[in-house]
Amino acid sequence: MARLTVRKTYKLYIGGAFVRSESGRADPLGEINIPRASRKDVRDAVAAARKAQARWAALTAYNRGQILYRAAEALESRRAQIEAVLSEDGAGGGEAVAELDAACDVLVHYAGWTDKLQSVLGGVNPVASPFLSFSLPEPTGVVGIVAADRPALLGLVAELAPALAAGNAVVAVVSRSAPRAALDFAEALGVSDLPAGVVNLLSGRLTEVGCALGAHRDLNAIVDVSADAELGAELDRLAAETIKRASHHPVAGSYEQATEPALERIAALTELKTAWHPVGV
Amino acid sequence: MSRRLAHVDRVGVAERAAQLGRRSIKTTAKQQGIRIAVSVMDLTTLEGSDTAGKVRQLCAKAVCPAPTLPEIPSVAAVCVYPSLVGVAREALAGTGVRTASVATGFPAGQVSLAAKLRDTGDAVQDGAQEVDMVISREAFLAGDDARVMHEIEAVREACGEAHLKVIIETAELGSYEHVRHASMLAMEAGADFIKTSTGKAAAGATPEVCLVMLEAIRDYTERSGRIVGFKAAGGVSNTKAALHRLVLVKETLGDEWLTPARLRIGASSALNDLLMQYAKTQTGRYARGEDFSLE
């Protein structure tokens, strides 16, 4: 008997759920439809991230590391499918395999950082009075990411992993020309014990969602890897208006580029809290 | 004891309540809706952990919800437990914001009538201008309408000048027929307002029970000529829900009910969402929680 093939409808990933765009819109990519997120999807995603962030940060650092490691495992177990998608979307000649390798390794790399941040970034400060003064890194909060267009998967993971390792929640705009791999990666995240809402992935047009993300006052930082000077300037302007950290990263195309200044990437998305405690009284 | 109840069409109620929630309310209409919602709000704190300091802070917020948005009006009233009425009354003196108190063994009402009257008397003596009482669900569910009405009448008398809001706690009544019947009993017994819920039960002021109660008010007012107000409390946690309740009231009872004298929305968390949404209509930017004070 002839069987109808079951085709996959790609969805946004908001608050741990796979949803269509609130606007009902989609953009065709070859024969399939990719949801086109609206500014209201951005609003919903930021609300979900805000709700989830405290819980994520409150997990023990060790537990966060385990969960990031599990995300790498889940990605690894789906590699055949995601590699195929990457190749169809233009990553040919072994590029897809290398990209998958790098993406998994980057997740494992940052999983190892979670329980070391406190010692490396914080510490006891020398002070000239009878106080114990110590500093602790705390997550910046909700981080917006405008991911690189290519590489479609690694470009996202390279920005996502350090933000998560620091205890932030993330709302990311995925690759515009090849969004499928990132949306497939959402399914791996969905089975990684990551609390719902800690990662939210949106596909859509930069002019629409990029600026909506930059303009949302409840975002604490924005990381722009779009390599689009005009958008970058607009995001800077919006970040200044709504008081958030803005940074522009070069595209990370390999494991080395995604991890070489690993600590700097993480530290940029933390805030140091210093406490003074009287001693010898 | 048994009673015969007028039938309420469940499907029709659900359909109409949902339909009235689908209106698109944007820009200036939204701003106006938000201003009305704030002006009819009973800003409420009913926790075991309430303190005088917390109530004073809440009162300051009630008088001026958002210093950065001067066109936002004061709320209608601050609603607290009887022991904190004195604090609230003092903090609200001369502001036009009224002091409301829950009473009669709120939220369960499982105490003797004498204790209920004493509770009410204490609140009124301390300066409560409005009293939110609970009906005896125990008597209502046993079919003892006479006792339910007698208690309301007695509390009505103990209130003196204070306005009486009667909470029927819809989530515990079982059906829309009972909600309508309890509403009618409360109004017959002299309630100035009928109120959906305590906010402590599993469900609160769902659009459906609001509609059933509003229709009861409409029918009672037509029949008797006496104006009765409506208070939606419990579960109205954001702007969308608040505007939905306003639409229900406007379409069932008319514009003249959209004033603090005839309508209240009991809420605590909805106020900040209203302010954030109002700010969004002005700046075009989604607001953050820290933009407004917690209480």
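Glu83(A) is buried, with 20 other C-beta atoms within 10 Å; a residue is termed buried if 20 or more other C-beta atoms, placed from the backbone, lie within 10 Å of its own, exposed if 12 or fewer do, and partly exposed in between. The model is predicted: local features need pLDDT of at least 70 and side-chain atom pairs count only at pLDDT 80 or more, whereas totals for chains, interfaces and linings use all residues. Residues are numbered from 1 along each chain as its sequence is written, and chains are lettered from A, with ligands numbered from 1, in the order in which they are written.

Glu83(A) belongs to helix α3 (residues 79-88) of chain A; helices (H or I, at least four residues) and strands (E, at least two) are DSSP runs numbered from the N terminus. Not counting residues up to four places away in sequence, Glu83(A) touches Ala96(A), Val97(A) and Leu100(A), where contact requires C-beta atoms, placed from the backbone, to lie within 7 Å. Between Glu83(A) and Ala26(A) there are 57 residues of sequence separation and a C-alpha to C-alpha distance of 24 Å.

Chain A as a whole contains 11 helices and 12 strands. Of its 281 residues, 48% count as buried. Among contacts between residues at least 6 apart in sequence, 76% join residues at least 24 apart.

Strand β7 (residues 142-146) of chain A is mostly covered, 5 of its 5 residues being buried. In a regular strand the side chains alternate between the two faces of the sheet. In β7(A), Val142(A), Gly144(A) and Val146(A) are buried on one side, and Val143(A) and Ile145(A) on the other. This strand runs parallel to strand β8 (residues 169-173) of chain A, to which 5 bridges join it; strands are taken to pair if DSSP finds at least two bridges between them. Ile145(A) has Ala172(A) as its bridge partner in β8(A).

In chain B, the buried residues of helix α3 (residues 52-63) are Val55(B), Leu58(B), Cys59(B), Lys61(B) and Ala62(B). They cover an arc of only 160° around the axis, which puts them on the same side of α3(B); the arc is that of the directions from the helix axis to the C-beta atoms. Their cover includes β1 (41-44), β2 (77-80) and α4 (85-92) of chain B.

Between the chains, 6 residues of chain B are in contact with 6 residues of chain A.

Methods. Contact = placed C-beta atoms within 7 Å. Expected span 1.5 Å × (residues − 1).
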